[in-house]
Amino acid sequence: MTVTKFGLALAGLAFSASAAFAQQAAFKPAIVYDLGGKFDKSFNEGVHTGAEKFKKDTGTDYRDFEPQNDAQREQALRRFARDGFSPIVAVGFSQESALKKVAEEFPKTQFAIIDAVVEKPNVESIVFKEHEGSFLVGLLAAQASKSGKVGFVGGMDIPLIRKFACGYVQGVKYAKKDAEVFQNMTGTTGAAWNDPVKGGELAKSQIDRGADVIYHAAGGTGVGVMRATADAGKLGIGVDSNQNALHPGKILTSMVKRVDVATYNVFDQAKKGSFKSGLQVLGLKEDGVAWALDDNNKSLITPDMKAAADKAAEGIKSGSIKVHDYMSDSKCPM
């Protein structure tokens with residue numbers, strides 16, 4: 001059920017500060033997605049999957065809203081809070097500034113944000129070590145490549161996506177020092193998450209230069225990337241959700257980011273009265289990121305490739321392999 005079904009009027013919303021402070025949080029979960037929509041086959045859809053699983057397991061429904069522009073994020077968060085929803089999950093780094101305002105206005109409402117940090121006593125911030133998972137798919141890409149040239153297509157050009165790219169390059173170079181990595185970003189605005197045509201064009205450009213494996217971190221834009229690689233007889237790598245089934249046998253693997261589990265856990269904790277604010281960082285050790293192996297891609301992953309990826313994963317968990325986080329200094333060593 002979406003917010004639009006109960007008549008969310010986004011323009012000119014007002015609220016009563018005194019009522020907000022007096023409001024007592026009750027368990028009425030809600031989600032405000034990022035641009036690109038809840039059926040983007042990637043990031044947003046992972047959140048939706050987690051919410052649907054919670055609904056199936058507990059019989060508890062939730063409300064959600066898909067913003068069409070930047071202004072609607074803050075308006076939707078405020079309207080949900082005003083209407084007594086709690087917890088409210090804000091999906092994506094772009095909601096950081098909006099949530100800071102709304103969480104302060106509604107201190108008794110429980111909020112969570114995925115992919116950003118909001119330091120408020122009623123907000124749980126959930127971030128991931130995307131560079132660790134990207135390292136592993138980079139390693140696999142290098143081993144699967146016959147040309148020694150692989151690619152990366154990002155969505156919006158922001159530090160978070162550079163973090164994916166840097167981890168990927170490190171994994172590629174770890175497996176094959178002389179491998180070449182092409183990189184392109186789709187754009188600098190939110191539209192970069194939902195432009196499959198542009199994604200396909202960027203992938204074709206990389207293929208023309210010799211890339212035979214291309215990883216995307218581009219939301220809905222990545223659908224075009226993977227279609228282009230499949231059509232060209234090359235290999236794609238999915239992201240966030242397990243996208244192996246989109247083109248069976250033509251997607252090498254997917255870097256799975258467990259936003260589904262994060263969403264489920266936020267709802268579950270709030271329902272049980274054990275919601276905790278603060279920062280939660282999920283990497284390989286916490287099963288927050290992984291690479292996907294299933295019937296759709298098992299023919300593409302040799303025993304040696306799997307052994308190498310598993311060994312690297314253990315090295316990252318133990319600390320013997322250090323994967324640089326681009327967001328720590330805005331630099332990539334490769």
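**View 1. Strand 6 and strand 7, side by side.** Strand 6 (residues 149-156) runs parallel to strand 7, and the pairing takes seven bridges (strands are DSSP E runs of at least two residues, numbered from the N terminus; two strands pair if DSSP finds at least two bridges between them). Look for valine 153, which sits opposite asparagine 184 in strand 7. This is a predicted model, with local features needing pLDDT of at least 70 and side-chain atom pairs counting only at pLDDT 80 or more, while totals for chains, interfaces and linings use all residues. Residues are numbered from 1 along each chain as its sequence is written, and side-chain values use heavy atoms, leaving out hydrogens and water.

View 2. Six strands line up as 7-6-8-9-10-12, with mixed pairing. Strand 7 (180-187) and strand 12 (289-291) are the edges, each pairing on one side only.

**View 3. Helix 7 meets helix 8.** The axes of helix 7 (residues 196-208) and helix 8 (residues 221-231) come within 6 Å and cross at roughly 40 degrees (helices are DSSP H or I runs of at least four residues; axes are lines fitted to C-alpha atoms, for helices over the stretch in contact, and angles run from 0 to 180 degrees between N-to-C directions). So the pair counts as oblique (under 35 degrees is roughly parallel, over 145 roughly antiparallel, 65 to 115 roughly perpendicular, and the rest oblique). On the helix 7 side, the contact residues (heavy atoms within 4.5 Å) include Gly199, Gly200 and Ala203, and helix 8 brings in Gly224 and Ala228, among others.
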